[in-house]
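User: I have a model open and some questions about it. Can we go through them one at a time?
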Amino acid sequence: MNDADDDPPVERPDWSCQACGACCATAAAWPRFSLESEAEIARIPAAHVDDAAGRMRSVDDRCTALAGTVGTFTACTVYAVRPLVCRECQPGDPECLIARARWGL
């Protein structure tokens, strides 16, 4: 009898957000502000906030706070004050996999 608990865990590749950045360059409507307070949003540099749309500013589906080249090396220039949705996104989660697929990563 084969118990599912005896199966070895599926090993995931060691994905680094800084070697990817796909989630930050996938859709103009993301990331949206959701549970952030006005004070939290005010800490994000105004150049990266699209107040009218309630989200981070983007150009060509890419968050303006993303520096670098997707799939090579990226960094969030507002990492310490990034929105909640960005904080919750984790390597290998469903949103990550969708973004990586879109970029062919």
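User: Where is Asp61 found?
Analyst: Asp61 sits in the loop between S3 and S4. Strands here are DSSP runs of E with at least two residues, helices are DSSP runs of H or I with at least four residues, and both are numbered from the N terminus. This is a predicted model, where local features need pLDDT of at least 70, side-chain atom pairs count only at pLDDT 80 or more, and totals for chains, interfaces and linings use all residues. Residues are numbered from 1 along each chain as its sequence is written, and side-chain values use heavy atoms, with hydrogens and water left out.

User: What is the phi of Asp61?
Analyst: Phi of Asp61 is positive, about 70°, although Asp61 is not a glycine. Asp60 is found in that loop too, between strand S3 (58-59) and strand S4 (62-63). Asp60 is also a residue other than glycine with a positive phi, near 55°.

User: Which residue is in contact with Asp61?
Analyst: Thr26 is one that is. Leaving aside neighbours within four places in sequence, Thr26 is in contact with Asp61, Ala99, Arg102 and Trp103. Contact means heavy atoms within 4.5 Å. Thr26 lies in the segment before H1, and it counts as buried because its relative accessibility is 18%.

User: Ala99 came up there. Which residues of H3 are buried?
Analyst: In helix H3 (residues 94-102), Cys96, Ala99 and Arg100 are buried. They lie on the same side of H3, because they cover an arc of only 100° around the axis. The arc is that of the directions from the helix axis to the C-beta atoms.

User: And what does the face turned away from the buried side carry?
Analyst: That face of H3 carries the exposed residues Pro94, Ile98 and Ala101. Just after H3, Gly104 has a positive phi of about 70°.

User: New topic. How many disulfides are there?
Analyst: A search of the whole structure finds 0. Cys17, for example, is in no disulfide, and the nearest cysteine sulfur to it, that of Cys23, is 6.1 Å away. A disulfide is a pair of cysteine sulfur atoms within 2.5 Å.

User: What lies between them?
Analyst: S5 and S6 form a hairpin with 3 residues between them, and Gly71 in the turn has a positive phi of about 85°.

User: Where is the cis peptide bond?
Analyst: A cis peptide bond joins Trp30 and Pro31, with omega about 5°. Pro31 is in the segment before helix H1 (38-42).

User: What about the core: which residues touch the most other members?
Analyst: Phe33, Ile44 and Met56 do, in the largest nonpolar core, which has 15 residues. A nonpolar core is a set of buried Ala, Val, Leu, Ile, Met, Phe, Trp, Tyr and Cys residues joined through side-chain atoms within 4.5 Å. Apart from neighbours within four places in sequence, the contacts of Phe33 are Ile41, Ile44, Val49, Gly54, Arg55, Met56 and Pro83.

User: Last one. How many helices and strands does the chain have?
Analyst: The protein chain has 3 helices and 6 strands, and from the N terminus on the elements run α-β-β-β-β-β-β-α-α. Of its 105 residues, 31% count as buried. Residues 24 or more positions apart account for 61% of the contacts with a separation of 6 or more.

Methods: Buried < 20%, exposed > 50% of the residue type's maximum accessible area, 1.4 Å probe, protein only. Pairing = 2+ DSSP bridges.
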